[in-house]
Amino acid sequence: MAARPVHELDLPLLTTIGLERLDAIAAIEAARSRHWLAKTEMGYSVTRLEDVTAILRDKRFHSALSMLPQMSGMPELAEGRVRRQSILSMEGDEHARLRRLVAPAFTPASANRLRPTMRAVVTDLIDQIGDDGTCEFVAAICAPYPIPIICELLGAPRQDWKLFSSWATDIFRIFNGTLEQDLPFIERAAAELTAYVGDMIADRRANPRHDLLSDLIAIEEEGDRLSTEEMAMLAEAVLMAGTDTTRNQLACAVALFAEHPAQWDLLRAHPELAPRAVEESLRYLGAVRATVRFASEDVVYRDVLFPRGTIVSTSLAGANRDPEAWEQPNEFDITQERGTAQMTFGSGIHFCLGAALARAELQEALPLLAQRMPGLVRTGPVEWKPANFGIWGPAKLPIRFDVDYASRPAEPPATS
Ligand code: HEM
């Protein structure tokens with residue numbers, strides 16, 4: 001039987017734009033219960049774990065990041081600076097070579113090197129909260145947390161953290177949907193970052209240290225090594241992919257714990273639950289809800305023809321709540337041994353390069369916060385970012401905690 005062209009199928013419509021968090025999940029669930037495939041504003045979406053994994057591992061589907069200029073209505077930029085190759089948009093042998101070369105610099109062991117810095121940064125940020133135990137958690141902790149870690153990873157000195165922070169903010173304008181007006185800021189920030197990293201690379205060639213750039217310089221495989229341009233691109237990718245993600249994921253996790261106080265108490269009493277708390281938060285409320293692919297050729301998948309150029313969004317949020325894959329998917333429980341791996345780091349060739357680092361950052365931050373912020377409650381509603389944001393989470397999370405108990409050692413809770 002010939003494959004049916006995708007546009008001929010009678011599919012549910014899935015639109016999450018403008019929806020509240022729970023309504024967005026309900027919309028995904030409604031679409032998933034009708035069909036494995038849904039129609040969206042931009043193309044199509046898969047929402048089941050099996051299909052999300054299959055599409056992300058299918059090399060005929062390419063990252064849609066390279067199509068950002070077209071999707072922003074500015075195809076003329078496709079050949080310009082914004083189009084500069086990034087590891088996130090590379091495919092095939094070129095991507096495989098780069099991943100092979102950089103993999104040794106992104107192991108759990110290299111992430112562990114930064115754990116003392118992570119603890120110090122979080123401790124310092126908590127110490128800066130006023131004596132009344134109230135704060136807007138995103139501004140107080142999440143926003144400043146990742147930049148010093150990425151700077152330490154790269155080897156940039158403390159006095160330059162603010163520079164990195166402003167470059168990251170400007171480069172992130174690429175996702176604002178107002179590319180025409182943002183382009184000068186994006187280009188200037190990227191050029192400054194590249195020049196800065198270029199200087200650092202020259203310095204590390206002469207004086208290697210314990211940092212990512214020195215590791216990247218040292219990496220050599222069968223005579224192949226990274227060029228200065230490739231290292232600068234990686235530094236930019238790490239800054240872009242490794243700051244707003246962690247920041248939003250931490251805010252998502254704490255917003256969740258504020259809704260589940262018994263789980264917060266449990267984490268406080270049992271910091272050894274941190275790795276499971278991190279995986280469960282990533283599963284239940286991931287900061288990356290979806291990632292987008294396009295068919296690089298005519299692709300037949302499950303007897304459906306996706307003509308070349310068709311856009312397919314893979315719903316990581318949907319996969320993480322797929323009832324076929326998870327028992328009680330809508331329960332947040334940090335004690336459950338879940339047999340399936342959560343999908344918020346993606347899958348396939350673009351699987352998050354910084355997953356070990358992100359896990360370490362969250363594993364260090366959450367138990368420390370639980371220890372120092374007992375009795376955490378929200379003092380107002382969470383202001384969520386719009387659901388269509390690529391990297392998503394609370395824009396504002398007002399909280400209060402019991403300062404009086406903050407320095408006392410935790411006691412195991414009586415129940416649960
Ligand atoms: C909780 C935090 C994070 C989440 C949820 C996250 C999520 C993701 C996802 C879903 C992808 C795949 C995108 C796709 O398939 O199109 C990805 C790729 C990537 N991430 Fe992360 N990420 C996080 C933290 C980090 C950190 C800390 C770094 C810094 C080292 C990082 C660096 C990267 C890079 C370089 C890629 C591109 C890999 C490639 O294309 O081969 N990420 N991330």
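1. Start with Arg302. Arg302 is exposed, as 12 other C-beta atoms lie within 10 Å. Helices (H or I, at least four residues) and strands (E, at least two) are DSSP runs, numbered from the N terminus. The phi of Arg302 is positive, near 50 degrees, and the residue is not glycine.

2. A word on the model. This is a predicted model: local features need pLDDT of at least 70, side-chain atom pairs count only at pLDDT 80 or more, and totals for chains, interfaces and linings use all residues. Residues are numbered from 1 along each chain as its sequence is written.

3. Now look at Gln328. Its phi is positive too, about 45 degrees, and it is not a glycine. Most residues other than glycine have a negative phi. Gln328 lies in the loop between helix H16 (316-319) and H17. Gln328 counts as exposed because it has 10 C-beta neighbours inside 10 Å.

4. Arg209 is another loop residue, between helix H10 (179-206) and helix H11 (212-218). Arg209 is exposed, with 11 other C-beta atoms within 10 Å. From Arg209 to Trp161 is 48 residues in sequence and 19 Å in space, C-alpha to C-alpha.

5. Which residues come nearest the ligand? Of the 24 around it, they are Gly242, Thr245, Gly346, Cys352 and Gly354. (Near means that the C-beta atom, placed from the backbone, lies within 6 Å.) Helix H12 (228-242), helix H13 (244-259) and helix H17 (355-372) each give two or more residues to this shell. H12 gives the most, with 4 residues.

6. The shell around the ligand has 12 nonpolar, 11 polar and 1 charged residues. (Ala, Val, Leu, Ile, Met, Phe, Trp, Tyr, Cys and Pro count as nonpolar; Asp, Glu, Lys and Arg as charged; the others, Gly among them, as polar.)

7. Is H13 largely enclosed or open? In H13, 14 of the 16 residues are buried, so the helix is largely enclosed by the rest of the structure. H13 spans 23 Å from first C-alpha to last, close to the 22 Å expected at 1.5 Å a residue. (The expected span is 1.5 Å times one less than the number of residues.)

Note on methods:
Buried ≥ 20, exposed ≤ 12 C-beta atoms within 10 Å, placed from the backbone.
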